[in-house]
Amino acid sequence: MEDYLSKTPQGYTYLPVKRKHMLNWGGLAVCDYCNADMEQGYLVYILNSCICPDCFNDWVKRAQTYTEDLKMQDEYQDEWYCHHINFGHVELDVKRS
Ligand SMILES: [Zn+2]
């Protein structure tokens with residue numbers, strides 16, 4: 001799964017997802033932060049959220065690196081991302097950036 005995940009400059013992983021993925025895990029394709037309807041969003045483990053590109057970019061600008069968060073991310077992110085995306089069955093058609 002590491003192959004799918006990208007990292008912010010702070011070291012936090014994220015996964016770009018499309019509307020079909022959000023609907024597939026039972027989400028509403030609505031940004032967890034601003035309630036915008038999303039065609040594309042970002043799953044972010046450390047935020048426990050799926051957020052729109054605008055909110056994602058804002059967050060990346062102001063996020064701080066916390067060692068404890070990175071440890072927690074290493075330990076639990078795989079299960080969390082797999083819960084949202086069945087990597088074996090869903091074509092992500094997204095590239096690691
Ligand atoms: Zn948003």
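Predicted model: local features only at pLDDT ≥ 70, side-chain atom pairs only at ≥ 80, totals over all residues.
How many C-beta neighbours does Ala29 have inside 10 Å, and does Ala29 count as buried, partly exposed or exposed? Ala29 has 19 such neighbours inside 10 Å and counts as partly exposed, because a residue is called buried only if 20 or more other C-beta atoms lie within that distance. The place of this residue is in the loop between α1 (19-24) and β3, and its backbone has a positive phi of about 60 degrees, although Ala29 is not a glycine. That angle deserves a remark, since most residues other than glycine have a negative phi. Asn48 is another residue with a positive phi, here of about 50 degrees, although it is not a glycine. Asn48 lies in the loop between β3 and β4, and with 9 other C-beta atoms within 10 Å it is exposed.

The mean pLDDT of the chain is 88, and 87% of its residues reach 70 or more; among the elements, confidence is lowest in α1, at a mean of 88, and highest in α2, at 98. The secondary structure comes to three helices and four strands, and, read from the N terminus on, the elements follow one another as β-β-α-β-β-α-α. Of the 97 residues in the chain, 25% are buried. If we consider the contacts with a separation of 6 or more, 53% of them are made by residues 24 or more positions apart.

Strands of a sheet pair through backbone hydrogen bonds, either parallel or antiparallel. In this model four strands form an open sheet in the order β1-β2-β3-β4, and the pairing is antiparallel. β1 (6-7) and β4 stand at the edges with a single partner strand each, so one side of each of them is left without a neighbour in the sheet.

β1 and β2 (residues 13-18) pair in the antiparallel sense over two bridges: Ser6 has Tyr14 of β2 as its bridge partner, while Lys7 has Thr13 of β2. These two strands form a hairpin with five residues between them, and in the turn Gly11 has a positive phi of about 95 degrees. β2 is mostly covered, since five of its six residues are buried. On to the next strand, β2 and β3 pair in the antiparallel sense over four bridges, and one of the residues involved is Pro16, whose bridge partner in β3 is Tyr42.

Strand β3 also holds Gly41, a residue that is buried, with 27 other C-beta atoms within 10 Å. Gly41 and Lys18 are 23 residues apart in sequence, yet their C-alpha atoms are 6.2 Å apart in space. Leaving aside its neighbours within four places in sequence, Gly41 is in contact with Val17, Met22, Cys31, Cys50, Ile51 and Cys52. When neighbours within four places are set aside for Leu43 as well, its contacts are Tyr14, Leu15, Val17, Cys50, Tyr81 and His84.

What does the largest nonpolar core consist of, and which of its residues have the most contacts inside it? This core has 19 residues, and those with the most contacts inside it are Tyr42, Leu43, Val44 and Ile51. At least two residues of the core are supplied by each of β2, β3, β4 and α2, so that strands and a helix both take part in it.

The helix named here, α2 (residues 53-62), has Cys55, Phe56 and Trp59 as its buried residues. Seen down the axis of α2, these buried residues fall within an arc of 100 degrees, so they line one face of the helix. They pack against β3 (40-44) and β4 (49-51), whereas the face of α2 turned away from the buried side carries the exposed residues Asn57 and Lys61. In this way the helix can be read as having a buried side that packs against two strands and an opposite face with exposed residues.

Conventions:
Residues numbered from 1 in each chain as written. Buried ≥ 20, exposed ≤ 12 C-beta atoms within 10 Å, placed from the backbone. Arc of directions from axis to C-beta. Contact = placed C-beta atoms within 7 Å. Pairing = 2+ DSSP bridges. pLDDT = per-residue confidence, 0-100. Core = buried A, V, L, I, M, F, W, Y, C linked by C-beta atoms within 7 Å.
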